[in-house]
Amino acid sequence: MKSYLDRLYDALRSVKLAIVLLVVLVLFAVAGGVIPQGKPVDFYTTQFGGSISNLIVLLGLNHVFSSLAFLIAAALFAVNLTVCTFHRLTLEIGKPWEKRRHGPDILHVGILILLFGGILTARTRTETILEVQKGQAAALPDGSTLVLTDFDFETYPDGRPKNWVSTVTIGTQTQRQIKVNSPLREHGYSIYQKYWKNETNVILLDPTGMEITLRQGMRQPTMDGFVFFMAVSTDYSSPAQSPGSTSIGSNSLSENNPVFLVEDHNKRLVIKAYEGDKVGPFIYKGRVENSISGLAVVSDKGYPYVVAGFVLVALGVFLTYVQKLKGLVP
Amino acid sequence: MIATSAFVLLVVSLIVQIVHFFRTKKAPDTVSPWLSLVAGALLLIEIIRRSVAIQFIALTGLFESLVFLACLLSLLTFAMHFFRWSAENRILPFGATIIAIIFLALASSPIAPSEVKPPVPALQSGWLILHVSFTFVGEAFFAVGFVSAILQLLTKDKDKSKSYDRTTYTSIAVGYPIFTAGALIFGAIWAEKAWGLWWSWDPKETWALITWLTYTAYLHLRLVRKNTSKLVPALVIIGFFVAMFTFLGVNFLMTGLHSYA
């Protein structure tokens, strides 16, 4: 008569339990694959109607892969895999070396390490987006400085993107390149070429004639307030005035003109400016288009475990394949 | 033009196979395997021609994927004859030929534009080529397993059922590790290199996982039930439908990171 502990051990290591859990995981994944995930509740009401959307939200099918039910099934699968691997490994070690078949063991250990790495990634991964212009510097999360020394954006003759390449230096190091599909791994970070965009900068002249460059969303303090570069207007009409404000500048037809918020002695004005217009204490000189490189700085503590997991899974399936293949072909 | 010629050859190969089914004299069919081989070679030439044109391995669009899959199945059909895998039954290469013809028919339809376009930056990766090619090689074996599993379910002859079961298991056992490496491992490595994320629960990824879990369930169920349950080959049939939905259905019914595939 087996003890409760032995029976529990047998149940947890059983292939039947593994099959049941695989089917359960398939059902969860199908739900997650069919029902759009992570949308607002209103979305489900519009798509599926009141009663079905209520059921979806109640069962957590709008966020299947972070739902408690899925996590319990995945955890149980991990336990089943761990016990099964331990059991199988102890049996295999007892056999003579030439009769051992460690392919499935290595594969299962690889999956477990992969699960661990995946959980670690999900809990510790951070991503910081840096938008850097050519020649500008940006601070990495650890305080070191990244300088974008060059940026190339190549296109095919039909206008589709061909390549984006950022050339950067970090600290005092030599120049390194970051391309799509070729991240830079440095200082414990992985830096990815995430996107590229054009940005309009405006040039203002202060009363001494010195040039001040403003990026969109930046403000320049003045003696009695500030000048804030809001947007580039593509309208052919002048912008709506905020209550109690007056608009400066010509109303002639034009486009791509910068719009500023100017605060002067607590009075605020929204201004669409034309070259030579007065913007607060400054004169609007003109605008320049600059390429912005969007870099994602990622810190991921799970990275080495995921890599190790993949290596073991690949090795495990390869060994299993080699060990079985000879006797399989009919 | 090259793909069309391959399509015609495969149709002729299919007709030759049908003629052999109805021949009273059981002479071996020595013509259709060679037609399949030439069709496969032509499709390979088409892939090489497109690769030269875009200066990258032409496996980055739906048309190219369908042509590549049809090419693999044509070559596999010839391999069945050459290595005598299908000596006992002729339906296996017949089924594989039909699937290859379906893929080529889809490739010539409006759903798969055949315009030669060089890849955008995200697609310029060696990992992508490994991801796509390994996945399709795995799926070509799944296609053979699918035909064999149908035959296994339909036959009432125990010996034949056992033989089909062995062919099904062989196909899946060979295809599974290749699919695992391609769809999951190389796919995740490419995703990490391109987007900084191993896994995004993107619809294509989720359905690839469902495919993998289904075949994993098959391999474990077969370990327990051997050839005694109809559920065992049924899982292979379900698995292939899921694989095809992952390949084609997700592209047209869902949006995600793989919307260009």
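Entry 1. I am working with a predicted model.

**Entry 2. Helix 1 and helix 5 of chain A.** I looked up how helix 1 (residues 4-13) of chain A meets helix 5 (residues 68-93) of chain A. Their axes come within 7 Å and cross at roughly 105°. Angles of 65 to 115 degrees count as roughly perpendicular, and the two helices are therefore roughly perpendicular to each other. Sorted by class, I have six nonpolar residues, two polar and one charged.

**Entry 3. Helix 3 and helix 8 of chain B.** I then turned to helix 3 (residues 62-82) of chain B and helix 8 (residues 231-253) of chain B. Their axes lie 12 Å apart, and the packing angle is about 165°. Angles over 145 degrees count as roughly antiparallel, so helix 3 of chain B is roughly antiparallel to helix 8 of chain B. I noted the crossing of these two helices as left-handed. From helix 3 of chain B, the residues B:L62, B:S65, B:L66 and B:L69 meet B:F247, B:L248, B:N251 and B:F252 of helix 8 of chain B. By class this contact has six nonpolar and two polar residues, with no charged ones.

**Entry 4. Nonpolar cores.** Which residues have the most contacts inside the largest nonpolar core? I found B:F103 and B:F247, in a core of 113 residues. Helix 6 (residues 158-195) of chain B gives the largest share of this core, 18 residues. Apart from this core lies another of 18 residues, among them A:A138, A:F151, A:V168 and B:A122.

**Entry 5. B:F247.** Leaving out residues up to four places away in sequence, B:F247 touches B:L62, B:S65, B:L66, B:L69, B:F103, B:F136 and B:K204.

**Entry 6. A:S182.** Is A:S182 buried, partly exposed or exposed? I read a relative accessibility of 34%, so A:S182 counts as partly exposed. I placed A:S182 in the loop between strand 5 (176-179) and strand 6 (184-186) of chain A. A:S182 and A:Y192 are 10 residues apart in sequence, and their C-alpha atoms are 7.4 Å apart in space. With residues up to four places away in sequence left out, A:S182 touches A:Q177 and B:K193.

Technical notes
Residues are numbered from 1 along each chain as its sequence is written. Chains are lettered from A and ligands numbered from 1 in the order in which they are written. This is a predicted model: local features need pLDDT of at least 70, side-chain atom pairs count only at pLDDT 80 or more; totals for chains, interfaces and linings use all residues. Side-chain values use heavy atoms; hydrogens and water are left out. Axes are lines fitted to C-alpha atoms, for helices over the stretch in contact, and angles run from 0 to 180 degrees between N-to-C directions. Helices (H or I, at least four residues) and strands (E, at least two) are DSSP runs, numbered from the N terminus. Angles under 35 degrees count as roughly parallel, over 145 as roughly antiparallel, 65 to 115 as roughly perpendicular and the rest as oblique. Ala, Val, Leu, Ile, Met, Phe, Trp, Tyr, Cys and Pro count as nonpolar, Asp, Glu, Lys and Arg as charged, and the others, Gly among them, as polar. A nonpolar core is a set of buried Ala, Val, Leu, Ile, Met, Phe, Trp, Tyr and Cys residues joined through side-chain atoms within 4.5 Å. Buried means under 20% relative accessible area, exposed over 50%, partly exposed in between (1.4 Å probe, protein chains only). Contact means heavy atoms within 4.5 Å. A crossing is left-handed if the near helix is turned anticlockwise from the far one by less than a right angle, and right-handed if clockwise.
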